[in-house]
Amino acid sequence: MESNFGGIVESKSKRIEESVAGNGLLHRRVFLTQAGSIFGVGTMGMLGSETTNAQNMQGRPAWMQSPGKGVGAYGTRARFEDHVQRTAGSAPGTTGAGASRTPLQHLEGIITPNSLHFERHHSGIPEIDPNEHRFLIHGLVDRPLIFDMDMLSRYPMISKIHFIECSGNSRVSGLIDEPVDQDCGVLHGLVSCSEWTGIPLSILLDEAGVDPSARWILAEGSDSAAMSRSVPMAKAMDDAIIAIYQNGERLRPDNGYPMRLFLPGFEGNTSVKWLRRIKVTAEPTMTKDETSKYTDLLDDGTSLMFTYPMAVKSVITSPSPGLDLNGAGIYEISGIAWSGGGHISKVEVSADGGLTWGEAALSEPVLDRSLTRFRMAWRWNGAPAVIMSRAIDNTGAIQPTRDSIIAEKGMKFAYHYNGIQSWAIDAEGRAVNTYV
Ligand SMILES: Nc1nc2c(c(=O)[nH]1)N[C@H]1C(S)=C(S)[C@@H](COP(=O)(O)O)O[C@H]1N2
Ligand SMILES: [Mo]
């Protein structure tokens with residue numbers, strides 16, 4: 001395999017070499033226009049010449065010798081993929097105060113499968129019977145309204161693809177003195193991206209008739225923590241969704257079944273799951289979830305409150321810790337970028353620790369407040385390297401370095417860390433979290 005693969009690359013090397021930057025980053029068009037000829041031919045040549053263990057004397061693999069398994073009512077993935085799991089951790093002594101993280105390094109594209117969507121619960125997952133569930137809108141309204149799931153399903157729905165990110169995401173990747181040796185999912189997997197379908201909250205608020213003095217809403221969950229957050233009325237009226245479906249299915253219990261608030265671009269905590277009540281108010285309610293938590297402590301002892309939008313961020317998902325490189329040669333650097341401020345306009349990649357940068361290709365679709373996939377071809381020369389990505393959104397916001405964040409905000413805060421992530425690759429091709 002080695003020689004065959006190497007030979008094919010070698011025969012094309014003249015054309016490729018023209019586009020190689022000093023750090024081995026290849027012009028983005030190399031993959032777009034030449035990948036088929038480089039890799040496709042090499043792989044076919046290899047398969048044609050050999051039989052594998054799973055093949056019998058007639059040259060047919062075992063799975064072609066008899067009819068396959070029958071049809072099934074609900075799908076499961078291939079058993080060979082069972083190693084792709086969320087990493088879960090709960091506070092000791094609790095049943096479900098904790099989080100599970102999306103294994104970002106094992107996924108491609110921009111949609112997170114529902115089974116691998118990250119979870120964050122303050123008091124476990126309630127088992128809610130949708131027939132018993134009720135949702136109340138009250139407070140500063142002309143007509144308090146109460147809905148059951150059947151009534152809600154008659155309202156016009158919309159579908160939007162958006163990420164959701166816990167504001168505690170990535171804290172362990174940069175706000176610790178020494179770099180933590182963990183994989184990409186553990187460091188950054190409190191972000192996922194789905195198509196959310198539901199009813200615009202503005203329709204329901206209009207029906208209830210919002211009093212002109214109302215500036216805020218309180219959203220409360222039906223879990224035993226009764227988790228609740230205050231949200232500005234402007235956001236509630238703009239793009240808030242009462243989500244009922246996730247990637248075409250009803251929400252998973254983990255993610256708020258039978259209904260949740262979904263606030264595009266805002267910190268995940270405000271997208272209250274198992275939603276039971278919205279109270280329209282003049283002022284923020286100052287719940288325990290926005291005073292004791294979800295504030296950002298600065299070095300001078302003051303705290304920022306109601307820091308809702310998630311900042312511009314990106315991370316290279318491959319190569320990354322656990323997905324080691326197998327010898328010098330051409331690789332695709334693949335990663336995700338997102339911003340609570342809008343859509344991603346550019347991602348730059350460096351393979352020399354930030355000395356030089358090249359512009360990555362953004363895979364369509366590039367959507368508002370969604371994960372965006374970026375790709376960059378890279379010829380690794382086999383020497384130690386530091387790879388990193390930096391995202392820029394359509395408001396002009398640029399993902400900052402770890403050093404600049406710490407200089408500006410200190411290290412006491414725990415939320416909204418969006419520093420550039422660097423992976424150090426050693427001569428054996430092993431990638432680890434590093435600070436540069
Ligand atoms: N009712 C309720 N809503 C909740 C939570 C909770 O514990 N209870 N966790 C919040 C937090 S901190 C986050 S980051 C998101 C996570 O959403 P997910 O579990 O669907 O990924 O839900 C938010 N909504
Ligand atoms: Mo969160």
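Me: Which atom of ligand 1 is 2.5 Å from an N or O atom in the side chain of Lys 273?
Reply: An oxygen atom of ligand 1 lies at that 2.5 Å distance from the Lys 273 side chain. This is a predicted model, where local features need pLDDT of at least 70 and side-chain atom pairs count only at pLDDT 80 or more, while totals for chains, interfaces and linings use all residues. Residues are numbered from 1 along each chain as its sequence is written, chains are lettered from A and ligands numbered from 1 in the order in which they are written, and side-chain values use heavy atoms, with hydrogens and water left out.

Me: How much of ligand 1 does the protein cover?
Reply: The protein covers 100% of the 540 Å² of accessible area that ligand 1 has on its own. Accessible areas come from the Shrake-Rupley method with a 1.4 Å probe; for residues, only the protein chains shown count as cover.

Me: What about Asn 255 and Phe 118, how far are they from an oxygen atom of ligand 1?
Reply: For Asn 255, an N or O atom in the side chain is 2.8 Å from a ligand 1 oxygen. With Phe 118 a backbone N or O atom is involved, at 2.7 Å from an oxygen of ligand 1.

Me: Which element gives the largest share of the shell around ligand 1?
Reply: That is β3, with three residues. Strands (E, at least two residues) and helices (H or I, at least four) are DSSP runs, numbered from the N terminus.

Me: New topic: where does Glu 108 lie?
Reply: Glu 108 lies in the loop between β2 (98-101) and β3 (119-121).

Me: And what does Glu 108 contact, leaving aside neighbours within four places in sequence?
Reply: Glu 108 touches Ser 334, Arg 373 and Arg 375, where contact means heavy atoms within 4.5 Å. Its side chain makes a polar contact of 2.7 Å with the side chain of Ser 334, and another of 3.3 Å with that of Arg 373. A polar contact is a pair of N or O atoms within 3.5 Å; within protein, one must be able to donate a hydrogen and the other to accept it, and residues adjacent in sequence count only if both atoms are side-chain atoms.

Me: Why is Glu 108 called partly exposed?
Reply: Because its relative accessible area is 42%. Buried means under 20%, exposed over 50%, and partly exposed in between (1.4 Å probe, protein chains only).

Me: Last one: how many helices and strands does the chain have?
Reply: The chain has 10 helices and 24 strands, and of its 436 residues, 49% count as buried.
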